[in-house]
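Morning, everyone. I have one structure to show, and I'll keep this brief. Let me put it on the screen.

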Amino acid sequence: MGQIQVNWRKGKVLQGPFGVGKTTLMKTIQNSKRDQTKWISTSQLCNEVRSNGEAVIDQYAKTACLFIDDLGSQSEPTTVTHFGTEINPVHKLIEDRYYYVVHTQHSFPGCQLRMGWNEETKRYDTRHPESFFETYISTNLSFDQLVEKYGGYIVDRLVEMCDFEKMEGNSYRQ
Ligand SMILES: Nc1ncnc2c1ncn2[C@@H]1O[C@H](COP(=O)(O)OP(=O)(O)OP(=O)(O)O)[C@@H](O)[C@H]1O
Ligand SMILES: [Mg+2]
């Protein structure tokens, strides 16, 4: 396995085939965090939204450090229906999270920990707003497949929030 440089100011989209260790690496990153984290697989998110409505998305959207496992997995429906309302949970999660990243990164517990004190300006450094919200994602889909599934609007937001890293090799599963 190659090396992955961790840029702690940005999250990651870990891309690669089955079994190369994407979820395992995300768990390791989560274990290294001291502040607020949440973990959700996209199929689990869809189940939660189907049962309880789109309001459940907000808790994930505004978590300082969010781990989204298995984006685009076969068991992830594009839309779910809750009391007759059709919702696209993954689309809404990314869109809402991006909104928080851009507009409200100071308001949530954990976020302040990510701001460095800038000796020059004597203020907390807010020059890298994307750094206060970290998003880690695992997926079997390529960049083009992500665009095909979610559209450029969503993937362009992921590009701002995350570095894309390819993990290659054979499956560790046996
Ligand atoms: N570096 C490693 N060395 C040995 N075993 C590993 C390593 N990374 C992961 N594994 C093991 O390989 C298996 C698959 O790992 P993991 O679930 O992280 O893969 P994945 O890339 O997320 O796969 P998928 O795309 O199917 O979700 C697990 O049993 C895990 O414990
Ligand atoms: Mg996985």
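Two strands count as paired here if DSSP finds at least two bridges between them. Keep in mind that this is a predicted model. Now take β2 and β3. They pair in the parallel sense, over five bridges. One bridge links S41 to D69 in β3.

Step back to the whole sheet. It is open and has five strands. The order is β2-β3-β8-β1-β9, with parallel pairing. β2, residues 37–41, and β9, residues 162–166, are the edge strands. Each of those pairs on one side only. From one strand to the next, the twist averages 15°.

Next, a single residue: I68. You'll find I68 in strand β3, which covers residues 65–71. Is I68 buried or exposed? Buried, because 26 C-beta neighbours sit inside 10 Å, and the cut-off for buried is 20 or more. Who are its contacts, leaving aside neighbours within four places in sequence? I40, T42, T135 and I137. What about L45? L45 is 23 residues from I68 along the chain, and their C-alpha atoms are 9.3 Å apart.

Helix α2 is residues 42–52, and helix α4 is residues 89–103. Their axes come within 9 Å and cross at roughly 100°. So α2 is roughly perpendicular to α4. From α2, the contact uses T42, L45, C46 and V49. From α4, P89, V90 and L93 take part. What kind of residues make this contact of α2 with α4? Six are nonpolar, one is polar and none is charged.

That's my tour. Over to you.

Definitions and conventions
Residues are numbered from 1 along each chain as its sequence is written. Chains are lettered from A and ligands numbered from 1 in the order in which they are written. This is a predicted model: local features need pLDDT of at least 70, side-chain atom pairs count only at pLDDT 80 or more; totals for chains, interfaces and linings use all residues. Helices (H or I, at least four residues) and strands (E, at least two) are DSSP runs, numbered from the N terminus. A residue is buried if 20 or more other C-beta atoms lie within 10 Å of its own, exposed if 12 or fewer, and partly exposed in between; C-beta atoms are placed from the backbone. Two residues are in contact if their C-beta atoms, placed from the backbone, lie within 7 Å. Axes are lines fitted to C-alpha atoms, for helices over the stretch in contact, and angles run from 0 to 180 degrees between N-to-C directions. Angles under 35 degrees count as roughly parallel, over 145 as roughly antiparallel, 65 to 115 as roughly perpendicular and the rest as oblique. Ala, Val, Leu, Ile, Met, Phe, Trp, Tyr, Cys and Pro count as nonpolar, Asp, Glu, Lys and Arg as charged, and the others, Gly among them, as polar.
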